[in-house]
Amino acid sequence: MAIILPNLPYAYDALEPYIDKETMILHHDKHHATYLANANAALEKHPGIGEDLEFLLSDVTRIPEDIRQALINNGGGHLNHALFWELLTPEKQEPTAEVLAAIEDAFGSFEDFKTAFTQAATTRFGSGWAWLVVNQEGKLEVMSTGNQDNPISQGKQPILGLDVWEHAYYLKYHNVRPDYIKAFFTIINWEKVAELYKAATA
C-alpha cells in the first residue's frame, strides 16, 4: 500500500498575503507529490522494510543501500512537507505558555529565538530547512539541514520547520528570502508546535 499525499488543512489561498495561492498549489500538488511518488517507488523495491518513514529515517542504516539516498531525499521530502503544512495557519496565534517558557529557557527570550531561527534560515546555503528541535537532552535547539534531510536522522525531534528551498517562496518573494522568513512568523501554528513539543518531551 502506497503512502498517500495528505490534503492541505486549509484552502490554497488561506495563507495570503503571506504565501500566495499559486505557490501553495505548485508546492503541494507538484513538489510534495513528486517527493512522495519517488519515495513510494523506492519503497516498492524493498517491501519488507515497511512504510514507516520516521522509523526508517531515524536510523538510515535500516534502509537498504540501493534506496537509502532516495529515501533520505524523497522520504524526507514527504515528512518535511507533511509537517510543514500543519505548522502553518491562517489564524493569528501566539506561542503557548509551555512553549514560550521552553524557548525562553533555551534562548533567553522569544526575540533571541526569533533571531537565531532567522539566521539559520537566512544562512542555509542553497536548498534546505531551518528547524526548532527538541534535542537528545530534551532541550530546544535551532538548526538547519540541507536538501530534504530531517533532524530525526540526527536524533532530534522537529517541532517547527521552515522550507527555504526557492520553490517555497520565489514566485512571491523572488530572491529576497528574509522577507519570506519574516512572513512565516505571522502564520505559525503554535498550537501544533505545542502538541509536537509535548510529544517530544513526554
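Trainee: In which loop is His174 found?
Mentor: This is a predicted model, where local features need pLDDT of at least 70 and side-chain atom pairs pLDDT 80 or more, while totals for chains, interfaces and linings use all residues. Residues are numbered from 1 along each chain as its sequence is written, and side-chain values use heavy atoms, leaving out hydrogens and water. Helices (H or I, at least four residues) and strands (E, at least two) are DSSP runs numbered from the N terminus. His174 sits in the loop between helix H6 (170-173) and helix H7 (177-184).

Trainee: Is His174 buried, partly exposed or exposed?
Mentor: Buried means under 20% relative accessible area, exposed over 50%, and partly exposed in between, with a 1.4 Å probe and protein chains only. His174 has 45% relative accessibility, so the class is partly exposed.

Trainee: What is the phi of His174?
Mentor: Most residues other than glycine have a negative phi. His174 is not a glycine, yet its phi is positive, at about 55°.

Trainee: Which loop holds Asn147?
Mentor: Asn147 also has a positive phi of about 55°, although not a glycine. Its relative accessible area is 42%, so Asn147 is partly exposed. Asn147 is found in the loop between strand E2 (140-146) and E3.

Trainee: Which residues does a cis peptide bond join?
Mentor: Most peptide bonds are trans. One with omega of about 5° is cis. The proline involved is found in the segment before helix H1 (21-44). The bond joins Glu16 and Pro17.

Trainee: At what angle do H4 and H5 pack?
Mentor: Axes are lines fitted to C-alpha atoms, for helices over the stretch in contact, and angles run from 0 to 180 degrees between N-to-C directions. Helix H4 (residues 97-107) and helix H5 (residues 110-123) have axes 8 Å apart and pack at an angle of about 70°.

Trainee: Is H4 roughly parallel or roughly perpendicular to H5?
Mentor: Under 35 degrees counts as roughly parallel, over 145 as roughly antiparallel, 65 to 115 as roughly perpendicular and the rest as oblique. The packing angle is about 70°, so H4 is to H5 roughly perpendicular.

Trainee: Which residues in H5 does H4 meet?
Mentor: Contact means heavy atoms within 4.5 Å. From H4 come Leu100, Ile103, Glu104 and Phe107. Their partners in H5 are Phe110, Asp112 and Phe113.

Trainee: How many charged residues are in the contact of H4 with H5?
Mentor: Ala, Val, Leu, Ile, Met, Phe, Trp, Tyr, Cys and Pro count as nonpolar, Asp, Glu, Lys and Arg as charged, and the others, Gly among them, as polar. The contact has five nonpolar and no polar residues. The charged residues number two.

Trainee: Which residues does Thr118 touch?
Mentor: Thr118 lies in helix H5. At 26% relative accessibility, Thr118 is partly exposed. Leaving out residues up to four places away in sequence, Thr118 touches Ile181 and Phe185.

Trainee: Which elements do the buried residues of H8 pack against?
Mentor: Helix H8 spans residues 190-200. Its buried residues are Trp190, Lys192, Val193, Ala194, Leu196 and Tyr197. They pack against H3, H4, H5, strand E1 (128-134), E2 and E3.

Trainee: How far apart in space are Gly108 and Gln148, C-alpha to C-alpha?
Mentor: Gly108 is found in the loop between H4 and H5. Its relative accessible area is 53%, so Gly108 is exposed. Gly108 and Gln148 are 40 residues apart in sequence, and their C-alpha separation is 29 Å.
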